[in-house]
Amino acid sequence: MSHASQAFVPLKIAVLTVSDTRNEDTDTSGRFLAEAITAAGHQLAEKIILKDDKYDIRALVSRWVASPEVQVVLITGGTGFTGRDTTPEAVGPLLDTVIDGFGELFRHITYQELGTSTVQSRALGGLANRTAVFCMPGSTGACRTGWNGILAEQLDARHKPCNFVQHLV
């Protein structure tokens, strides 16, 4: 595949909300991502809420990364600095390649919205077994920033000069 395709390629995307308190009724971040995915023309492969446990997160993401039914994993939550925030530690060891630019650009965009508080963002992106994995903070605003500011274009094969689709299909 060339750097950018002329046709839209729908991707199979899984959404994980990491939270000790949210459920389906209160998971506005996961709901936003699921709705944004389908509105963009992608397929929601699965949506799960897990408590913030490093090994449970790692096990689920490992299953998704190994599955041909998932090409992208979007994770919201667990990226802060409390003792319960373990998403980067859970996901980091699974990545074959870290996408440094995702976290850098996420923090750059967030800086314009939140100022220096963005230094506490541990947003992370990478590739594992031809699956893109992106970890974002748990707020709906952060998910909106990540999707609208980065992921919507980078998960669209028509975006030029390059996008992640060529690495996933």
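Two strands pair if DSSP finds at least two bridges between them. Helices (H or I, at least four residues) and strands (E, at least two) are DSSP runs, numbered from the N terminus. The model is predicted: local features need pLDDT of at least 70, side-chain atom pairs count only at pLDDT 80 or more, and totals for chains, interfaces and linings use all residues. Residues are numbered from 1 along each chain as its sequence is written, and side-chain values use heavy atoms, with hydrogens and water left out. An open sheet of six strands, with mixed pairing, has the order β2-β1-β3-β6-β5-β4.

**Sheet**

- The edge strands of this sheet are β2 (43-50) and β4 (97-98), each of which pairs on one side only.
- Strands of a sheet pair through backbone hydrogen bonds, either parallel or antiparallel.
- Strand β3 (residues 72-76) runs parallel to β6 and is joined to β6 by five bridges; the bridge partner of Leu 74 in β6 is Phe 134.
- Strand β5 (residues 124-128) runs antiparallel to β6, again with five bridges, and Leu 124 has Cys 135 as its bridge partner in β6.
- β4 and β5 are antiparallel and are joined by two bridges; Val 98 stands opposite Gly 126 in β5.

**Strand β6**

- All six residues of β6 (residues 131-136) are buried, where buried means under 20% relative accessible area, exposed over 50% and partly exposed in between (1.4 Å probe, protein chains only).
- In a regular strand the side chains alternate between the two faces of the sheet.
- In β6, Thr 131, Val 133 and Cys 135 point one way, while Ala 132, Phe 134 and Met 136 point the other way.

**The β5-β6 turn**

- β5 and β6 form a hairpin with two residues between them.
- Asn 129 lies in the loop between β5 and β6 and has a positive phi of about 55° although it is not a glycine.
- Asn 129 counts as partly exposed because its relative accessibility is 47%.
- Arg 130 is in the loop between β5 and β6 and also has a positive phi, near 60°, in a residue other than glycine.
- With a relative accessible area of 48%, Arg 130 is partly exposed.
- Ser 62, in helix α2 (residues 54-66), is 67 residues from Asn 129 in sequence and 9.7 Å from Asn 129 in space, C-alpha to C-alpha.
- Ser 62 counts as partly exposed, at 30% relative accessibility.

**Nonpolar cores**

- A nonpolar core is a set of buried Ala, Val, Leu, Ile, Met, Phe, Trp, Tyr and Cys residues joined through side-chain atoms within 4.5 Å.
- The largest such core has 29 residues, of which Val 72, Leu 74, Phe 134, Trp 147 and Leu 155 touch the most other members.
- At least two residues of this core come from each of β1 (12-18), α1 (28-39), β3, α4, β6, α5 and α6 (165-168), and the largest share, five residues, comes from α5.
- A second, separate core has 20 residues, among them Ala 14, Ile 57, Val 61 and Val 70.

**Selected buried residues and contacts**

- Contact means heavy atoms within 4.5 Å.
- Leu 155 is in contact with residues including Leu 11, Ile 13, Val 72, Phe 134, Trp 147 and Leu 168, leaving aside neighbours within four places in sequence.
- Ile 13, in strand β1, is buried because its relative accessible area is 0%.
- Not counting residues up to four places away in sequence, Ile 13 touches Ile 37, His 42, Val 72, Leu 74 and Leu 155, among others.
- The C-alpha atoms of Ile 13 and Thr 38 are separated by 9.4 Å, and the two residues are 25 residues apart along the chain.
- Thr 87, in helix α3 (residues 87-91), counts as buried at 0% relative accessibility.
- Beyond its neighbours within four places in sequence, Thr 87 is in contact with residues including Val 18, Asp 52, Ile 57, Ile 75 and Cys 135.

**Largest pocket**

- On a 1 Å grid over the protein atoms alone, a pocket is an open set of points where a 1.4 Å probe fits, with protein on both sides within 12 Å along at least five of seven lines; lining residues have an atom within 4 Å of a point.
- About 270 Å³ of space lies in the largest pocket, with grid points joined across faces, edges and corners and the volume taken as the space filled by probe spheres set on the points.
- The lining of this pocket has 20 residues, and Ser 121, Pro 137, Gly 138, Ser 139 and Ala 142 lie nearest its centre.
- α4 (100-114) and α5 (140-154) are the elements that give two or more residues to the lining, and α4 gives the most, with four.

**Cis peptide**

- A cis peptide bond, with omega about 10°, joins Lys 160 and Pro 161; Pro 161 is in the loop between α5 and α6.
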